[in-house]
Amino acid sequence: EGGGSMAASGAGVPEGLCGPERPGAGGLALLGLTPSAPSCPHGPALLFVKTSQGNGEGRRFYACSACRDRKDCSFFQWEDEKVSETRLAAREEYNRNHQPSFTHRQNVERYKNFVLLPLSKRRFCQECQQLLLPAEWEKHSDHQLLCDISTAQLKSPSQLLYPLENKKTNAQYLFADRSCQFLLDLIIDLGFRRVLCVGTPRLHEMIQSKASQEEDIRVRSLLLDIDFRYSQFYTEDEFCHYNMFNHYFFGGEVRPIFSLLGHNNQEMPMFWIFPYFFESRILEFFPSFSMMDYQVDYDNHALYKHGKTGRRQSPVRIFTNLTPSMIVLPVEEGYRFCTICQRYVSSGNQHCELCDSCTSKDGRRWKHCVLCKKCVKPSWFHCNNCNCCALQNHTCEKTDAGCFVCGKAGHKRSTCPSLSHT
């Protein structure tokens with residue numbers, strides 16, 4: 001069809017995956033997926049190991065991949081635990097009973113019937129977060145309802161649905177229109193025709209809406225999201241119920257992705273939306289990525305807002321494997337092109353001759369520390385006790401502290417050699 005494919009991911013991701021919370025002292029290490037993993041209502045469970053400082057690896061267990069609190073999903077099983085046939089049957093029954101009331105296909109049929117209704121008969125239950133057909137009104141008679149649902153509202157489901165803001169389960173922070181429009185313009189300018197939106201419902205929504213209204217926009221998108229409520233508004237070619245933490249498709253809906261992305265072996269052009277303080281972690285696993293200075297802001301997050309000073313400034317950035325010079329940032333918002341770095345940077349991000357880079361991460365002008373041999377935040381000062389830069393009134397800590405798991409220096413818990421990674 002011409003053009004390329006790309007993936008955009010970020011919104012709707014819980015703020016860090018630390019594993020399910022369990023009582024007692026110590027830390028948790030994620031070992032990952034195993035072929036024989038048991039399942040909860042959110043798909044195959046992940047394998048974890050509990051650790052205590054300096055004492056090595058503890059007992060392994062399976063827990064829910066999506067929920068970090070047992071109040072949200074109580075699934076727990078020791079790796080070496082023998083589970084009876086009776087308990088396995090009860091678990092399967094429990095998993096079935098905790099799936100959505102309607103399948104995706106049923107929701108598609110319900111939507112077709114819903115749009116045929118006159119405006120006066122289009123109702124949405126705010127408590128159940130469900131489009132209602134006339135035969136279902138009585139069942140929801142004591143619920144808070146929205147009436148006269150327009151076509152425009154149906155095309156903007158992220159504004160009709162309540163954002164799920166449990167930080168330990170869903171944490172749906174939705175892109176502001178400014179950021180969505182920038183991403184869409186960027187996608188179009190780069191010539192992409194197919195977009196895989198992973199946990200970015202508002203971007204998907206804007207792509208769908210623009211494509212239906214403007215003939216010259218020929219971008220197609222597919223949304224992968226754990227929020228099944230979106231199945232009420234999108235066909236099976238537009239939405240897949242998906243858990244990104246265990247790569248699980250609830251309905252086995254994989255074929256549409258292959259048809260959308262093609263079958264070549266090239267690395268897919270990608271935009272990954274995440275806070276800048278995860279940069280080192282992201283680049284550790286994806287060395288072809290680089291971080292852009294563009295501030296991504298959200299409608300429903302108190303701190304992740306686009307601004308110029310202090311805590312109002314969003315820390316969320318775009319990480320991409322595209323050539324940085326290709327990502328043109330809006331000059332009217334203060335971004336400029338650095339001819340040395342060959343990328344767009346924020347107005348306060350000044351090029352450091354010693355680092356030979358535009359070093360600021362948060363939009364402010366950073367300063368170079370000769371002792372640390374790098375640029376640091378303007379509010380930081382070099383501490384001789386810590387032998388590094390930190391806030392002036394910080395508490396000095398031992399810098400030779402070893403790994404939490406084995407107690408040895410030179411590595412972190414996540415890369416401890418004593419953990420047998422799956």
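Strand β6, residues 57-63, is a handy place to start: β6 and β7 run antiparallel and are joined by three bridges. Across that pairing, F61 stands opposite W78 in β7. Keep in mind that this is a predicted model.

**The sheet around β5 and β6**

On to β5, another partner of β6. The pairing of β5 and β6 is antiparallel as well, with five bridges, and here T51 has E57 of β6 standing opposite. β5 also pairs with β2, again in the antiparallel sense and over five bridges. In that pairing, L28 has K50 in β5 as its bridge partner.

How covered is strand β5? Mostly: of the six residues in β5 (46-51), five are buried.

Next comes an open sheet with three strands, ordered β9-β8-β10 and paired antiparallel. Its edge strands are β9 (130-132) and β10 (145-147), and each of them pairs on one side only. Neighbouring strands here are turned by 30° against each other on average, direction ignored. Helix α2, residues 104-115, packs on this sheet and touches β8 and β9, and the direction of α2 makes about 50° with that of β9.

Strand β8 covers residues 123-125 and pairs with β9 in the antiparallel sense over three bridges.

**The buried strand β13**

Strand β13 runs over residues 239-243, and five of its five residues are buried. Which residues of β13 point one way, and which the other? F239, H241 and N243 go one way, while C240 and Y242 go the other, and all are buried. As a rule, side chains in a regular strand alternate between the two faces of the sheet.

β13 has pairings in both senses. With strand β12 (residues 220-225) the pairing is parallel, over three bridges, and the bridge partner of D225 in β13 is H241. With strand β14 (residues 248-249), β13 runs antiparallel, joined by two bridges. There, N243 stands opposite Y248 in β14. The hairpin of β13 and β14 has four residues between the strands, and H247 takes a positive phi near 55° in it.

| Strands | Sense | Bridges |
|---|---|---|
| β6 and β7 | antiparallel | three |
| β5 and β6 | antiparallel | five |
| β2 and β5 | antiparallel | five |
| β8 and β9 | antiparallel | three |
| β12 and β13 | parallel | three |
| β13 and β14 | antiparallel | two |

**Aromatic rings**

How many aromatic pairs does the structure hold? There are 18 of them. One is formed by F277 and F278: the pair is tilted, with 5.5 Å centre to centre and 45° between the planes. Those two numbers are what you need to picture it, as a pair of aromatic rings is described by the distance of the centres and the angle of the planes.

F277 and F278 also belong to one aromatic cluster, formed together with W272, F274, Y276, F286 and F289. Is F278 buried, exposed or something in between? F278 counts as partly exposed because its relative accessible area is 29%, and buried would mean under 20%.

**The chain as a whole**

Zooming out, the chain has eight helices and 25 strands. Of its 422 residues, 45% are buried. Its accessible surface comes to about 22,700 Å², with 51% of that belonging to carbon and sulfur atoms. As for contacts between residues at least 6 apart in sequence, 55% join residues at least 24 apart.

Methods
Residues numbered from 1 in each chain as written. Predicted model: local features only at pLDDT ≥ 70, side-chain atom pairs only at ≥ 80, totals over all residues. Heavy atoms only, no water. Phe/Tyr/Trp six-rings, centres within 6.5 Å; stacked < 30°, edge-to-face > 60°. Buried < 20%, exposed > 50% of the residue type's maximum accessible area, 1.4 Å probe, protein only. Contact = heavy atoms within 4.5 Å. Areas by Shrake-Rupley, 256 points an atom, 1.4 Å probe, with all protein chains shown as cover. Pairing = 2+ DSSP bridges. Axes fitted to C-alpha atoms, helices over the stretch in contact; angles between N-to-C directions.
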